[in-house]
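Trainee: I am new to this structure and would like to learn how to read its features one at a time. Could we go through them together?

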Amino acid sequence: LYLLVVLSAVAGVYVILGAEFVAATQVLVYLGAIMVLLLFGVMLTRAKIGAETDLDHEQRWIGALVAAGMFAVMSYSLWEEFGDTELPESFAPQRTQAVSDEIFSTYIVPFEALSVLLLAALIGAVVVARRD
C-alpha cells in the first residue's frame with residue numbers, strides 16, 4: 001500500500017511543476033490501477049483470515065533502523081541539492097491543450113498501443129476472475 005503513497009507524492013510533484021493534467025492522469029490511471037490490482041490480488045488469493053505468527057520475527061527493528069537511515073540519507077541529499085532552489089520567474093504551468101496536442105499528434109501510435117494493451121489486461125482480469 002505504500003506504492004499508493006509514492007504515486008500520490010508523484011502526482012503532488014506534478015502539481016508543483018504545473019502539470020495539472022498529468023497529475024490528474026497519474027491519480028486516475030496509476031492510483032486507480034494499483035487499487036484494482038490490489039483488489040484482484042485479495043479476491044483471487046485465498047489467504048487465511050487472522051494473524052499469522054510464523055510470518056513475523058524479532059528482527060524488525062533492523063528493518064526500521066535501515067529505513068530510518070535511508071530516510072535520513074535521502075533527506076540530506078535532497079536538501080543539499082535543492083535546499084535554496086526557487087522556481088524561475090518565467091515559470092508557466094503546462095496547459096492541457098499542449099499535452100493533448102502532443103499525445104494525439106506526436107505520440108498517437110504508442111497511445112493507441114497502450115490502450116489496446118490495457119484493454120487486453122482488463123479482458124484477461126475478467127477471464128481470470130470469472131468462475132466456471
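Trainee: Which residues form a nonpolar patch on the surface, and about how much accessible area do they have together?

Mentor: Bear in mind as we begin that this is a predicted model. The nonpolar surface patch is formed by W61, I62, L65, V66, M70 and M74, which together have about 660 Å² of accessible area. One of these residues, M74, has its place in helix α3, which covers residues 60-82.

Trainee: Where in the protein is confidence highest, and where is it lowest?

Mentor: Where pLDDT is low, the predicted coordinates should not be read in detail. Here the mean pLDDT of the protein is 82, and 92% of its residues reach 70 or more. Confidence is highest in α3, at a mean of 93, and lowest in helix α4 (residues 96-106), at a mean of 80.

Trainee: How many aromatic pairs does a search of the whole structure find?

Mentor: A pair of aromatic rings is described by the distance of the centres and the angle of the planes. The search of the whole structure finds one such pair. The ring centres of F104 and F111 lie 5.1 Å apart and their planes stand at 80°, so this pair is edge-to-face. F111 itself counts as partly exposed, because its relative accessibility is 34%.

Trainee: Is Q26 buried or exposed?

Mentor: Residues count as buried under 20% relative accessible area. Q26, which is found in helix α2 (residues 20-44), has a relative accessible area of 5% and is therefore buried. Leaving aside residues up to four places away in sequence, Q26 touches L7, V10, A11, Y14 and L31.

Terms used. Residues numbered from 1 in each chain as written. Predicted model: local features only at pLDDT ≥ 70, side-chain atom pairs only at ≥ 80, totals over all residues. Heavy atoms only, no water. Patch = residues over 30% accessible without salt bridge, like charges linked within 9 Å, V, L, I, M, F, W, Y side chains within 5 Å. Areas by Shrake-Rupley, 256 points an atom, 1.4 Å probe, with all protein chains shown as cover. Salt bridge = Lys/Arg side-chain N within 4 Å of Asp/Glu carboxyl O. Helix = DSSP H or I, 4+ residues; strand = E, 2+ residues; numbered from the N terminus. pLDDT = per-residue confidence, 0-100. Phe/Tyr/Trp six-rings, centres within 6.5 Å; stacked < 30°, edge-to-face > 60°. Buried < 20%, exposed > 50% of the residue type's maximum accessible area, 1.4 Å probe, protein only. Contact = heavy atoms within 4.5 Å.
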